[in-house]
Amino acid sequence: MPAENEYSLQDLADLTEVTPRTIRYYVAQGLLSSPEGAGPGTRYSEGHLVRLRLIRQLQREHLPLAEIRARIAGLDDEAITELLEAPTAAGVNESAVDYIRAVLGGGVAPGQMQAPAPMPGPSLLRRMALPDMPAAAAPDAPSTAPSSIPDRSQWDRISLAPDIELHIRRPLSRLQNKRVDRLLAIARQLLEEDQS
Amino acid sequence: MTFNARTDRRLIRPTHRSLRFILAEITAPASRREHGRPPVNLAFVIDRSGSMSGDKLRLAKQAVQEAIARLHTDDRFAVVVYDDQIDLVVPTTRATPEARREALDQLARIDARGSTNLGGGWLHGCEQVALALSEEGVNRCLLLTDGLANVGIIDHAELARHAAELRMRVVSTSTFGVGDDFDEVLLQGMASAGGGHFYYIASAATIRDHITSEVGETLDVVARGVTLEVVTPDGIRVEALSTQPTLQRGDRTEITLGDLTSEETVSIVLRLEFPYGQIGDRLGAVLSIGDRDGAFREDSVKLAWEYAVDRENDAQERDRAVDRAVAAIFAARARQEAVGRNRRGEFDGARHVVKATARRIRGYAGRDQELRRILAELENEVEVMAAPMMEMSRKQAYYESANVLGSRDHAGSAVKARPGPDRQ
């Protein structure tokens, strides 16, 4: 285990989901200060960690690297931490997966608390695919359409192996989505073992 | 890698609102392959609705099979097909030999049926890409369709907005429209907002070429999330005339160029509207280029304009390279507008749009050969646009214009830097 608040390059990479190569690039570019030590003994500090997290956050807001450098230049670790905890630009922090699931009806809209049965707004719902509905009726379905979940749901068919499929009725809650992802990973692993 | 910017005229008028143009040309660095390329993460989304039956679906499947065969073990791919129902044929997987073999089997079973939930199919493809984002490579969803969005989300603006939101979350979208019945405005809009490319495939026989070209580009990307930033003093209005997404924040205008391939050249035309001012005063703009991976090392260019009396303004030299780029962009915009009017049966309106643009270009073409060529082409099209056109001709005209606006070549591929005398 590393000493308190000290990280190896790989630790830092794991914690921030930035590749070691990119971290070295940031050091070379002066976005991060040079770490202590050399070779496998190189140690990165808490300051490196918060800076790296802020760089990632600003990149998700699509700021060019030059702009990011200008913003973080001369700031101490405390100021960096403050920036990191400040609210960011309009929901870009939300991951692509969360965004898509919110649109497809399986997740939480940006900035909302997790509700027992999260659902997108009514205008979006009217346009969602309804499995048993004639094609022409779906786009202009009247706003008085019944609003219970089964009416808005959509079946996804996921093929796991040539003769095995999993059917999922969306929308699912975020938790259910995560469980399904796990289920798929386990199922695929199992089926691959079967084949080998 | 090069970046330069120039303006058509250096002088501006003190008592009129002057319009001046900037041509910015960006060439991405050549790829350095000694460490191999970063892994890509793709989803192929194929329309399987009834109209795709026969050659179109067969050739689309074949194109995807060939594209998958080019991937390395570190790459990822997913396959989604949709009609009114969405089938996740291959959930996101590493492109191991087993996974690729499995995908070929799965693809072989797909046949055509039903109507088209384009939005749902595409979003599910994006979801597969998003589930395993590549840190260093390209994350892209490729949508191939011959039809309209008529089930699910069908609103153009909404689909384009989702494409832009996903681009900001590093999932880009490229679109392929096959035949006569797809909606090119929708597909171009999704690709532009989504940071990818739009392809018109007139004949099913060329589906493979187009998919191959797009996948080839994702494998050849050297700079991701490239943006051009323009900083101007208060009072100058900046507008990008190309189709790339533009974001304005106070005195900053940011144009998203997306992912650039090795030695790809992109030309962006900006229009600046200047406020009134005092003779002798100068105003400047700083243009800089940046990207997510630092491939561009923050190149920047400064341009300046000076207020001068009308007589000097009238006599000033013009930079013809900028004029040509501006004329080409306005001609392309006029063609797209005219195609839309032609389709709606507004033939007089179509004629008017093309003629008015031709008149403006004639105003500054002078004896410049290239400008006269652009002008002659446009004038020849006046009567074509003012009579009923074949749908295929409309699509072709729209597509050629989309390529001009998006800085792509006539086939829809990236424009590569021409080797100059100083290069090996």
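Predicted model: local features only at pLDDT ≥ 70, side-chain atom pairs only at ≥ 80, totals over all residues.
Chain A contains nine helices and four strands, and when followed from the N terminus its elements run in the order β-α-α-β-α-α-α-α-α-α-β-β-α. Of the 196 residues in chain A, 24% are buried. Among the contacts of chain A with a separation of 6 or more, 49% are accounted for by residues 24 or more positions apart.

Between the two chains, 32 residues of chain A are in contact with 40 residues of chain B. On the side of chain A that touches chain B, at least two residues each are supplied by α4 (65-72), α6 (96-104) and β3 (154-161) of chain A, and α6(A) gives the most, with six residues. By residue class, this side of chain A divides into 21 nonpolar, six polar and five charged residues.

Within chain B, strand β8 (residues 172-178) has seven of its seven residues buried, so this strand is largely enclosed by the rest of the structure. In a regular strand the side chains alternate between the two faces of the sheet. In β8(B), S172(B), S174(B), F176(B) and V178(B) point one way, whereas T173(B), T175(B) and G177(B) point the other way, and all are buried.

Strand β8(B) pairs with strand β7 (residues 139-145) of chain B in the parallel sense over six bridges, and here L142(B) has S174(B) as its bridge partner. Together with helix α4 (residues 156-168) of chain B, the strands β7(B) and β8(B) make a right-handed β-α-β unit. Five bridges also join β8(B) to strand β9 (residues 195-201) of chain B, again with the strands running parallel, and G177(B) stands opposite Y200(B) in β9(B). From β8(B) the chain crosses to β9(B) through helix α5 (residues 184-193) of chain B, and this β-α-β crossover is right-handed.

Chain B also holds an open sheet of six strands, in the order β2-β16-β15-β10-β13-β12, in which the pairing is mixed. At the edges of this sheet stand β2 (11-12) and β12 (246-249) of chain B, each with a single partner strand, so one side of each is left without a neighbour in the sheet. Strand β10 (residues 221-231) and strand β15 (residues 282-290) of chain B run antiparallel and are joined by five bridges, with L287(B) in β15(B) as the bridge partner of V230(B).

Conventions
Residues numbered from 1 in each chain as written. Chains lettered and ligands numbered in written order. Pairing = 2+ DSSP bridges. Contact = placed C-beta atoms within 7 Å. Nonpolar A, V, L, I, M, F, W, Y, C, P; charged D, E, K, R; others polar. Buried ≥ 20, exposed ≤ 12 C-beta atoms within 10 Å, placed from the backbone. Right-handed = clockwise from strand over helix to strand, strands pointing away.
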